Structure formats: structure tokens, C-alpha cells
Amino acid sequence: MLRVSRFARAAFRRSPALRAEAKPAAGGASQLNLLFATPQKVITNNKPVHMVTVPAETGVIGILADYQPTIAQLKPGVLTIHENTMEDAENYFVSGGFCVVREDSTASISVTEAVPIDDLDFEAAQAGLDQCRADLASAKDELARSEAQIGVDVFEAMTQAAGVVNK
């Protein structure tokens, strides 16, 4: 095992093809090409946009053209697409997924669910959150606790997103 990790470190130092940061970004791209999809629907397909913000597990990431190649796991939260300017925005609630940014200023975002923020019902989200909290409090085994905790996480993010729109 030690030999393999030493070899891998040496290979990363020698080969720029194996390191995302070793090559410069595409350079000069003025727009980010966005593919945004769920398993049921392609929301945007290679659409040029100014910027997209995604709720990554490590924090919110704002992605512009020429962004460093990245792979990020998404958590429940608000994904925002800025078509031409920062004021021109489409907001979606996403329950989780992945974002892959490539060197050619292309971002591919695959999520399990995406709902326009305006379509969220704050009262229904709050009722779901209350139910999941009750399920978490009464969970009898690890599986039930895990499922309830996932529900709490999703509904908390959903109520925050819906609450901002409904204010």
C-alpha cells in the first residue's frame, strides 16, 4: 500500500494531465455553459449563463466562466441561475445532487429534484418538517433515525427557501 501511494504522489507531480490545477482554464470565455437536469427533465441544456450558485456540502459556490474544474456534492438548498446579470435570476430548490465544472467553462448539474422557488408552499414544508422532527424523536432504530434526519435536513432547507420567497 505504501508503494502505491508513493507512486501516485510521484505521478501527480510529473503529469499535468492528472492534476486539475496544472492546466489553465479555457481562458477568455465570457459565458458559462450550463446543463441542469433531474432524472425526469432537462431544465437547461448547454445554455449560456453569466453565473450559477449551488448549495455544495462545503458551502455555497458561485460558478462563473473559466471556473476551476470542480466536482461538488450538493446538499438541499437554493440553486440560482443568473442568465445575463446578477439581477436576472432563476431560483430552484434542489434536494441534493452533484455539480461538475469542466475546464471548457461547462457546468453539469444533476439533482434528484428541482422545484422553482415560487412553487414552494411554506405551510406544507413546515408541516413536513414538523412530521420529520416527530419521526426523529420517536425513531426506534438507526435506519428510522437516518431517514427522519434526512427529512429534517431537506424540510429545513425547504422552509428557509420558501420563507424567503413568501416574505
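In helix α2, Ala125, Gly128, Leu129 and Cys132 are buried, where buried denotes under 20% relative accessible area, exposed over 50% and partly exposed in between, computed with a 1.4 Å probe on protein chains only. These residues cover an arc of only 100 degrees around the axis, which puts them on the same side of α2; the arc is that of the directions from the helix axis to the C-beta atoms. The face of α2 turned away from this buried side carries the exposed residues Glu123 and Ala137. The helix comprises 16 residues, 122-137, and at 1.5 Å a residue should span 22 Å, which agrees with the 22 Å between its end C-alpha atoms. The expected span is taken as 1.5 Å times one less than the number of residues. At the start of α2, a side-chain oxygen of aspartate 121 lies within 3.1 Å of the backbone nitrogen of glutamate 123.

The model is predicted: local features need pLDDT of at least 70 and side-chain atom pairs count only at pLDDT 80 or more, whereas totals for chains, interfaces and linings use all residues. Residues are numbered from 1 along each chain as its sequence is written, and side-chain values use heavy atoms, with hydrogens and water left out. The mean pLDDT of the protein chain, on the predictor's scale of confidence in each residue from 0 to 100, is 82, and 80% of the residues reach 70 or more. Over residues 1-27 the pLDDT is below 50, and this stretch has 15 contacts in the model beyond near neighbours in sequence; a contact means heavy atoms within 4.5 Å.

The secondary structure of the protein chain comes to 3 helices and 10 strands, assigned as DSSP runs (helices H or I, at least four residues; strands E, at least two) and numbered from the N terminus. Along the sequence the pattern is α-β-β-β-β-β-β-β-β-β-β-α-α. Of the 167 residues of the protein chain, 33% count as buried. Among contacts in the protein chain with a separation of 6 or more, 52% are between residues 24 or more positions apart.

Strand β6 (residues 77-82) contains histidine 82, and threonine 80 is also placed in β6. Threonine 80 counts as buried at 10% relative accessibility. Not counting residues up to four places away in sequence, threonine 80 touches Met51, Val52, Thr53, Ala89, Glu90 and Asn91. The side chains of threonine 80 and asparagine 91 are joined by a polar contact of 2.6 Å. A polar contact is a pair of N or O atoms within 3.5 Å; within protein, one must be able to donate a hydrogen and the other to accept it, and residues adjacent in sequence count only if both atoms are side-chain atoms. Threonine 80 and valine 54 are 26 residues apart in sequence, with a C-alpha to C-alpha distance of 6.8 Å. Histidine 82 is buried, with a relative accessible area of 8%, and touches Val49, His50, Met51, Asp88 and Ala89, again not counting residues up to four places away in sequence.

The count of aromatic pairs comes to 1, where rings of Phe, Tyr and Trp (its six-membered ring) pair if their centres lie within 6.5 Å, with planes under 30 degrees apart counted as stacked, over 60 as edge-to-face and the rest as tilted. The rings of phenylalanine 36 and tyrosine 92 have centres 5.3 Å apart and planes at 75 degrees, so the pair is edge-to-face. Phenylalanine 36 lies in strand β1 (residues 32-37) and tyrosine 92 in strand β7, so the pair ties together parts that are 56 residues apart in sequence. Phenylalanine 36 counts as buried at 0% relative accessibility, and tyrosine 92 counts as buried at 11%.

Serine 95 is located in the loop between β7 (89-94) and β8 (97-102) and is buried, with a relative accessible area of 14%. The side chain of serine 95 makes a polar contact of 2.7 Å with the side chain of threonine 112 and one of 3.2 Å with the side chain of glutamate 113. Beyond residues up to four places away in sequence, serine 95 touches Lys75, Pro76, Thr112 and Glu113.

Positive phi values occur at asparagine 46, at about 55 degrees, and at serine 105, at about 60 degrees. Asparagine 46 is found in strand β2 (residues 42-49) and is partly exposed, with a relative accessible area of 48%. Serine 105 is found in the loop between β8 and β9 (106-111) and is buried at 2%.
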